[in-house]
Amino acid sequence: MQPPSQPIATILQGAAESPRRRFLARLAGIGVLAAAPRLAFGGKGAPGGNRFVLVVLRGGMDGLGAAPAIGDPDFAAARGPLAQFRAPALPIDPTFALHPDLVELHAMLVRGEATLVHAVGLAYRERSHFDAQQVLESGASRPYELASGWLGRALAASGEKGIALETSVPLVLRGQAAVDTWAPSFLPDPSADLVARLERMYAGDAELATALGRARRLHLDAPAAAAPMTAASPMAGAPAARPGAFAALAGKAAEFLAQPSGPQAAVLELGGWDTHANQANPNGALANALRQLDAGLAALRNGLVAAGAWQRTVVVVASEFGREVAVNGTLGTDHGSGGAAFVLGGAVRGGVVADWPGLARARRFEGRDLRATTDLRAVLKGVLGDHLRLTSKVLERDVFPGSESVRPLALLGA
Amino acid sequence: MTSSASLQAAIAAHRFGLGEPDLSVVGSDARGWLAAQIGAADPARGDGLLDTRRALEHVAAEREKRELARNPPPGTTALQILAGHYRAVNIADARSRLATAAATRRPFAERLHWFWANHFTVSLVKGSTRGLTGAFERDAIRPHIAGRFETLLFAATTHPAMLRYLDNTQSAGPHSRVVAFESRRAARRQEPARVTGINENLAREVLELHTLGAEAARAGVYSQADVTAFAAVLSGWRVGQDAGWKDGEPFEPNWHEPGTKTLLGRTYGEGPQALHAVLRDLASHPATAHLLASKLARHFVADEPPPSLVGRLASVYLQSGGELAPVYRALLASDAAWQAPAAKLKTPEEFVVSTARLLGAGERMFERADVVNPAAAIGALGQRMLAAPSPAGWSDRADDWLGPDAVWKRVEWATRMAARAGRTIDARRLAEQSLGPLLGAETARQLERAADAPQALALLLLAPEFQRR
């Protein structure tokens, strides 16, 4: 993953011709977009169909910390001490850059395998983590409108299964679809005999029976897939990640997705984004979370590349909201609505998609937050439609009801 | 015992308690057995437990290590340097929590303690709480679970662990003396000021999670302006990194925002008394009554509790002026609380502790750290001890504990546990004594047919009648 030998500026040329330009900055002089390599995608002839990964960043990732708008004329003044990083930010184009701890993600952006979607947010504009996560995962317009998850409903529509790399099923995967969960264990599997007896005992308890049946199929019927992670992980040559660490779970997700009859979608979670204090500290919470995210995305990509599945995989990285533009009283940031998201994969167009609202106080939502000018559902509808082949009827009736006015973004293909 | 009395005893033991190996301890008056337990929680059992003052001294003694952690030597991380210092404290705290629950003769009070500790979550997920979470439970929660909610709310909100967990220690009034001082110093040194104003984290979560509730926010009961005003009231309530414990309230006037504040339409004066007044008003708010009633009913009765029960508990709370004991008595008096089917799934911690009680292992099970290390097991089952993922605490809904992997790990752990303990136990007899009339025919049949004694015990631990309550 070497940085390109050619200067970034060269790569950026040609971006101006892109049809994506219409999403781009209203501010004069903001160029956008790395040129995406022309890549075929799709499952035709490939073992296994298209794959989708959702990475949920819990706690509210600071979009302007992860992807600073260094070229915005108001950036330095608006961010104050948070405009400084331990090392220069990694440039994407004249306006946007990545935090210096997102080295691997930056390499993907440079290769045209990642898209930064900025000033993105939910229809929900309040500042509660819990309500915002409910909206992010349910896919509704308001908290508690829907009790199942948009990805669960999407999988139910396509008849495919999903997996969460954790012990329980997150809301986003709840619904009618078949969903496995997996997390590393330090105990041996129980005997098939005991499991068979348990299944008889659970005949009158549908919930326990379903959960046990799914786990049994994953562990006993296909034992290799669920085996504990070994040194021969996709991250060959890299130091083995601690079991349960985000990078290890991401590598494991790649293994599941690469199986020909594996799940169509995987969900990973990473917490630690609620950075109310000391956000610029090089060893602080934000830097630590970004490094974990970066290592995890690299592990996911490496595993999928090794299995030949990266070209047919799209990864969306999103958080429940962003944070206020200005620093708070403790060198951190408080909850705010707009933030940043990333779309990765061998088949994405790459570059930056942002209808950039600017950072001046008058341009902010309620004078505080980065204004969310792109509805996250536009990103998700685009990916689910173009990549998982869901029709707009299914997307608007089942997956994101009430989203008729949210037009899907075209993020894939050359 | 009559059959209805023995059913009541079984429900009392499992739904409201932590399980009993023999229902005879409940006796014939199940409601009376539970009601007699209402009161402050048992003192925590265990050695090496620090009270809040000593826990803060322990934290302060780490100044040198923290200096080192600011610039970790190559090959180490700040986390590694600091973790060692708190290891013994964390182990003692986790073990004490389990041992106390495993040994108590007042399991209903212990469940209430767990409930409130989860309501007022302080979590080791955030480094700023390190060394303080056990002291928080022992000093801020245990003594106050059956008094006035206002007293519990004040103790939890102003405990150093909470002030640090939700960043209030770093929050300063924008017009406070410390901000003026810091800005002069920063200008002199030509660097950004370290403290410039409010951090509203604690204010938001007290309103949203501890008192009025998110539903109230959605209904417009309070707004962002109320959060900001409450944060100004809270400014100055802090325990600095090296300050240790000062006698009296942890309030530093130099950090407090001067002037009056208006919150929910009422005006509060400057100074520490304002927090007492605000918390008193929040505690007596109908939205708070509704939130607490809903959560209690959800915890003990059903994921979606009957609205009539919630309404009854909320009105008892308001009529009693925010006393908690009458609310608990109203819960026990409600027929709905006894008639609901056993649909609640035990959390991993409830499962492991009720296993210890079932096996008569009591607190002994938690004294050794061996293969079946209970604290590690609870973590592997998805509930890392004293480390809830967010200030909202652990979920109280079955769905959140029913993931295939979560159920599989219960099977793995029960198998290992039964292999160690099962040889000397007759699981069939234990099932009858512990579950009484709750034991279903299919489970009894599977226990009868088990291949050997350990397998029978594993089946008992994993039976729906033992997993649910």
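How many helices and strands are there in chain A? Chain A has 13 helices and 13 strands, taking helices as DSSP runs of H or I with at least four residues and strands as E runs of at least two, numbered from the N terminus. The model shown is predicted: local features need pLDDT of at least 70, side-chain atom pairs count only at pLDDT 80 or more, and totals for chains, interfaces and linings use all residues. Residues are numbered from 1 along each chain as its sequence is written, while chains are lettered from A and ligands numbered from 1 in the order in which they are written.

**View 1. Chain A and its helix 6 (residues 150-158).**
Of the 414 residues of chain A, 60% count as buried. Buried here stands for 20 or more other C-beta atoms within 10 Å of a residue's own, exposed for 12 or fewer, and partly exposed for anything in between, with C-beta atoms placed from the backbone. Helix 6 of chain A has 8 of its 9 residues buried, so it is largely enclosed by the rest of the structure. The buried ones are A:Trp150, A:Leu151, A:Gly152, A:Arg153, A:Ala154, A:Leu155, A:Ala156 and A:Ala157. After helix 6 of chain A comes A:Gly159, with a positive phi near 70°.

**View 2. Strand 12 (residues 351-354) of chain A, buried on both sides.**
A:Gly351 and A:Val353 point one way, A:Val352 and A:Ala354 the other, and all are buried. Strand 12 of chain A runs parallel to strand 4 (residues 114-121) of chain A, and 4 bridges join them; strands pair if DSSP finds at least two bridges between them. Look for A:Thr115 opposite A:Gly351.

**View 3. The largest nonpolar core, with 265 residues.**
A nonpolar core is a set of buried Ala, Val, Leu, Ile, Met, Phe, Trp, Tyr and Cys residues joined through C-beta atoms within 7 Å. In the largest one, A:Ala253, A:Val316, A:Ala341, A:Val343, A:Val379 and B:Leu313 touch the most other members. Helix 11 (residues 285-306) of chain A gives the most to this core, with 12 residues. Zoom in on A:Val316 and you'll find A:Leu54, A:Ala341, A:Val343, A:Val379, A:Leu380 and A:Val383 touching it, not counting residues up to four places away in sequence. Contact, throughout, is C-beta atoms, placed from the backbone, within 7 Å. Apart from this core lies another, of 5 residues, among them A:Leu82, A:Ala277, A:Val327 and A:Leu331.

**View 4. Two domains of chain B.**
An automatic or database domain assignment supplies the bounds: domain 1 of chain B covers 37-165 + 285-339, and domain 2 covers 168-283. Their C-alpha centres lie 22 Å apart. The contact takes 22 residues from domain 1 of chain B and 23 residues from domain 2 of chain B. On the domain 1 side, helix 3 (52-60), helix 8 (149-157), helix 9 (160-165) and helix 15 (286-300) of chain B give two or more residues each.

**View 5. B:Thr133 in helix 7 (residues 133-141) of chain B.**
B:Thr133 is buried, with 26 other C-beta atoms within 10 Å. Leaving out residues up to four places away in sequence, B:Thr133 touches B:Asp93, B:Val122, B:Leu124, B:Ala161 and B:Leu386. B:Ser123 is 10 residues from B:Thr133 along the chain, and their C-alpha atoms are separated by 7.0 Å.

**View 6. B:Ala325 in helix 17 (residues 325-333) of chain B.**
B:Ala325 counts as partly exposed, with 15 C-beta neighbours inside 10 Å. Setting aside neighbours within four places in sequence, B:Ala325 is in contact with B:Ile38 and B:Ala146.

**View 7. Helix 23 (residues 441-449) of chain B.**
The buried residues of this helix are B:Thr443, B:Gln446 and B:Leu447.

Terms used:
Contact = placed C-beta atoms within 7 Å.
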